[in-house]
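Welcome! Here is a short tour for anyone meeting this structure for the first time.

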Amino acid sequence: MCRATRTIMHICAILTLLLVVGTVQSWAQLETGSIMGVVQDKTGAVVPGANVTVTNTKTSRTWKATTGAVGEYSVTGLPVGPYKVQVDHKGFKTGEVSNIFLHTSETPRVNVTLAVGSEAETVNVRAQALSIDTTTSNSGGTVDQTSVENLPLNGRDFTSLITLVPGAVTTGGFGQNSLGGFETDMAGVNVLLDGTDATRIDTNAVSTQLGRQASRISRASVDSIQEFKVISGVYSAEYGRSSGDIVDVITKSGGNTIHGTAFEYFRNNAMDAKNYFSPQTVPLHMNQFGGNLSGPIKKDKLFYFVNYEGVRQSVGLPTKIAVMTAATKALAVPSMAPVMAAIPLPNLPGPVVFPNPGGSPIVRNDLAWYQGNLINTLREDTGAVKLDYDATQKDTFSLRYNIADSFTSTQYGFATGQVSPSTGRNHLLKLGWTHVFTPTLLNQFSAALNRPQTDSLGGGGNFPIFQCSSFWGCDNTNNFETAPGPALFSNRRPQHSFEYVDTLSWIKGIHTIHMGADIRHNVTHDALDPQMFLSYANEHDFLNNAGIQLDTLGHTMVGVSNTNYAYFIQDDIHVTPRLTINAGLRYEYNSVLQGSQIGNFDIATLSLMPKGAPLYNADRNDFGPRLGFSWDPWGTGKTVIRGGAGIFYSPLLTGAALSLAGNYQQSFSVNVLDLLFGTRTCTPALNIAYPLPATLPTCSPALPASVNALDQNMRDTYSPHWSLGIQRQLARDTILELTYVGNRGIKLPAGAAYAGLELNYSPFAFYPNQLSNNYGNIRRLGNFLSSNYNGLQVSLRRHVGHGLNIDANYTWSHELDDAVNILLGAFQDSHNPQMDYASGDIDVRHNFTVGMVYDVPEVSFLPKKAASGWQVSTIVQARSGLPVNISLSAPFLGIDQLRPNLVPGASLTPTNYSAPYNQFNTAAFSTPAWGAYGNTPRNYGRGPGFVQMDMSLAKTTKLTERVGLQFRGDLFNIFNHPNFSSPSGYLNDVNFGKSTSTIGNLVGTGTSRQAQLSVKLVF
C-alpha cells in the first residue's frame, strides 16, 4: 500500500493496525460536533459526579456522561441537529437546557446551574440560538438552515451562500472568485459533503463544472442541506488536503416525525428587466421543481430522507461582435464559400473603430456590428437518499447517496453549427459507522465514493478552428472571431476517488484527543478529442484562403492516478474553563502521479522519458503542525480571544499530469515556410487551405514535437496560516467578531490551474527558438509560484431562529502573487516569472456582504389568515474593482504575453472617464521596441466595482396544524444596477478600456433584474 521510505512504511503499518482495532467516520472532517460544559450550584461551586444526559430531540437518541472533579463534562461525536441537556444529582432539582442546535465541527459550552430541591422537579432554561465557541481557534462561518432555506438564491446554487462567510468573493469572473486569499474556481479549496470528498478529482474547486457545463446542483439540492460550514484560519489537524479553506456541506436526516416539502420555482423574461447591453429583454425560461420526504422507518431506530430536484432552463446571452459586411464576404475566393455562408451578416451599422496606441484610430468600413443572444439550455436532475440507523446505544450506521445528471447545450458563437453539448453525471456515496466503547472513547469510520464525469464537446461541425496566429504579426484588428468552427477543447473526463477515514476520539481529563487517518485513492481519465487549427496571416489571406500554418490538438484517453495518505492527532487541552489550547500535527504522504500512457520530458537532456516511468520524486516532507488557543478572559462566556498558526498542504492533483499525454501523442504542425523552402516534405502534398484533407499527410523530416516537462524535484504546495481575533457577545444571540488573518502560498502550481512556462518559443515573432529547433513548445510545469494574503475581517451575526437573523461581513484585504491563470493570461517572460509578482487576479481591497431573514410580526388589523406568516429576506453584496492585466494582445494558450510601456506622467484613468465605455487611457501606454519587454506591471488596471441587492417576500399560510402553503416572490438585483464586467485590457483591441457585458448574464449573481415566483407545500 505504501511504496515510500521505511518511515512511511512504519506509519502505514500503524494505520493498518488502527483500522483493524477500530473503525470510524471522520470526527472533524466532520458532520458531527460536541457539547461540553460545567455543572455548578447557585453559589458557583462545581458539582462533581452529576449525571448528564444529552438527547437528540429529533431522533430521541441519548448520550450519557458524568461530571468530573471540577464539574466538567464532554460528549463528542454528536450528529448535527437539535439537542437538550439534562443534569440530575441527589439533593438538587433536575436541570435542563433545551433549544440547543449543534452545528458541524463546533463545541458549544452548555453550562448548567442546579438548584437545591427534589430530583422530581425540573428547571428548564432555553439556550441561546447563537453563542460564542470558547474552545476552538479556527475562524470561518456557518450558514444555518434558516439562511439556506430562506435567502434569495439566483439559480438555487448553495455555493452562492459562501458569500456570507468572511473573506469570500463570489462576484468575480472566472478565475477571480476567492475564499480566504485562494482562488476557488480552479484551486485552493476543499469541498466536503457530510465530511467526505466532494471536490473535483483533478483540481480543488468549488465548482464541479468542466468546460461549458452549466449544472449548478451537482452535489446537493438546496432543500437537502441542513447547513454548511466554511472552516478557515488555523483549523484542526483532522482537516487537510487544502492550502486554503474547507467547505463542509451537511445534508438533512430523518427523525421520528414525518416531514416533507414539494416546490416549484418559475421565471421567464416577461418579468425581467433588459440587460444594459441588450436592446430587448434577454430570453429566459426556467423551472425548478422537486421536494423532500423524511421520517421514521422504525421509531427511535431507523430514519430516512429522500430528495429530488429538477431544472429546465433556457437563457440568452446578449452579445455584440464585429463581423464582415456582405461586400467584404463577396471578396472571398470560391473555396471559402461554405465558410462565408456560415458567418452572420451585420444587423447594426458600422464602421468598427479600433484603437491605435501612438497613432490615429483604425477605422474599418469593411466591418459592421452583429448583435444577438447566444442561447444556452440546461437540463438537470438531482436526487439523494439518506438512511440513519441507531442500531444500539453503542453503534450507529449511516448511508447517503447523491446523483446529479445534466445536459448543457451552449451556443458559443453566431456562425452556423456553433453549439456545444456537455453531459454530466456525478455520484456521491458515503457509508458511516460510529462505535462507542465507553462514554469517553468512541470510534468513527466512513468510506466514500466520489465519481464525477463530464463530457464537454467542442461542437462546430466539420470546420477547423480558424485563427490569426500572433506569431505571424497578427493583432486584434484582424477579425476571425466570427468564423465557424468548434469551441476550443473537446473533453471527455470520467473520474473517481475512494476515501476511507478513521478517527478515534478519547476524552482523558483535560484532554480531548482525536487521532486517525484519511486515505484517498484518486483516478482521472481524460480524452482531448482531435481539433484542427488553420491559421492565416491577416484577413486578406483569410478571404483568399492562403493559409500559413496548420496545427492539431488532442489525445486519446489516458489515465492518471495516485493515493493520498494522511495521519493526524489533535489534542484540545482545556487548561482551565477559560483557556483551551488546540495542538495538532498532520502528516501527509502523496504517492507519485502515474499513468501507463503518459511520460515526462527532461529539460536538462532535452529528451522524453519512458512512458509509465515515475514522473517526479515523491515529497516526504509534508508535516503540518497546528497550534492555537481560545481564551475567555473574564470567564463569562461572552468574550473570547483566539488565534494561532499552522502549516497546510495541498497535494499535486491528477489534473497536473494530464497535459503530459501530448508528449507521446504528438500533435501535427506545419507552416508555409516549411513547404516553400523545402525544409519539410509532405506526402501526399499538403495545401494549407480550407477544406483540409480528411487524413493528414506524413511529413519528413519529423515535425518538431511540442512537449511538457513536469518538474522532477517539486514539493507539494503548502501554506503557513496565522490569525488573531476577538469575539464579543453584544446581546443575546448577537455576536461581533474582529479577526486578522494572513497566509502565504508557497510552491503554488503552474500547469494544471495556472500557466506553465514556455521556454522555447519567443514571444517576439520570427525570433529563433530559445532551447532547441528540434522542438516546438517546451513548457515547464511545476510548483514554483507564490502568494501572500493579509485580511481584516469584521462580522456581525444575529441568529434567533424566528425573528431577525443577520449575517453581515466586511473584509479589507490585499493579495499578491505571480500565479498567472492560463485561461486568463500568461507570463510576460517565462524565464523570469517572478517579474509578474503583483496584485493577483483575485485581489479585492474592500468587500461587504449581508444576508438577512426577518419574520414579520403578526399584523393585528388584518384577517387572521393574512395577518401572520410573512417573511422578508435579502442578500446585499458590494465590493471594489478586480484587477485587469494590460497587454498588447489576447493570450494564446499560455504563450508569453507582452505588456506595453508606461508613458511617464500619463494617468491610467482618462479625463473623461465613464463606465462602461471609457475606463482606461490609451495614451498612458506605448509599444516597446521590437524584442523588448514592456514595463507595465501585471494587473495594472482595475475594473468597476460591484453592488447588488436581492430580496424575497414570502407568505406561509397554515392549512392545518402540520401543513403550510408558502407563496414567494424573489427579485434579484432589485434596483437593476448594471454590474459591468472588467474592461478589456488588450491594448490593440477595439474594446480596450470598455466593458462589453455585465457580470452573470445568465443565471446567478450579477444578472439584470430578474423576478421569480414559487410555491412550496410544507408538512
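## A pair of strands and their sheet

Let's begin with Thr53, whose bridge partner in strand 5 is Gln86. Keep in mind that this is a predicted model. Strand 2 (residues 51-56) and strand 5 (residues 81-88) run antiparallel and are joined by 6 bridges.

Both strands belong to an open sheet of 5 strands, with the order 3-2-5-6-8 and mixed pairing. At the edges are strand 3 (62-66) and strand 8 (122-126), each pairing on one side only. From one strand to the next, the twist averages 20°.

## Salt bridges across the chain

The whole structure holds 36 salt bridges. In one of them, the side chains of Glu106 and Lys229 meet at 3.2 Å, N to O. Glu106 sits in the loop between strand 6 (94-102) and strand 7 (112-114) and Lys229 in strand 15 (residues 225-232), so this pair ties together parts 123 residues apart in sequence. Lys229 is buried, with a relative accessible area of 7%.

Arg492 forms another salt bridge, with Asp529, and their closest N and O atoms are 2.9 Å apart. Here strand 27 (residues 491-508) holds Arg492 and strand 28 (residues 511-535) holds Asp529, 37 residues apart. Arg492 counts as partly exposed at 31% relative accessibility, whereas Asp529 is buried at 18%.

Finally, look for a nonpolar surface patch of about 590 Å², whose members include Ile726, Leu738, Tyr740 and Trp812. Strand 40 (734-750) and strand 43 (804-817) each supply at least two of the patch residues. Leu738 lies in strand 40 and, at 39% relative accessibility, counts as partly exposed.

How values were computed. Residues are numbered from 1 along each chain as its sequence is written. This is a predicted model: local features need pLDDT of at least 70, side-chain atom pairs count only at pLDDT 80 or more; totals for chains, interfaces and linings use all residues. Side-chain values use heavy atoms; hydrogens and water are left out. Patches are made of residues with over 30% relative accessible area and no salt bridge: like charges are joined within 9 Å, nonpolar side chains (Val, Leu, Ile, Met, Phe, Trp, Tyr) within 5 Å. Accessible areas come from the Shrake-Rupley method with a 1.4 Å probe; for residues, only the protein chains shown count as cover. A salt bridge is a side-chain nitrogen of Lys or Arg within 4 Å of a carboxyl oxygen of Asp or Glu. Helices (H or I, at least four residues) and strands (E, at least two) are DSSP runs, numbered from the N terminus. Buried means under 20% relative accessible area, exposed over 50%, partly exposed in between (1.4 Å probe, protein chains only). Two strands pair if DSSP finds at least two bridges between them. Axes are lines fitted to C-alpha atoms, for helices over the stretch in contact, and angles run from 0 to 180 degrees between N-to-C directions.
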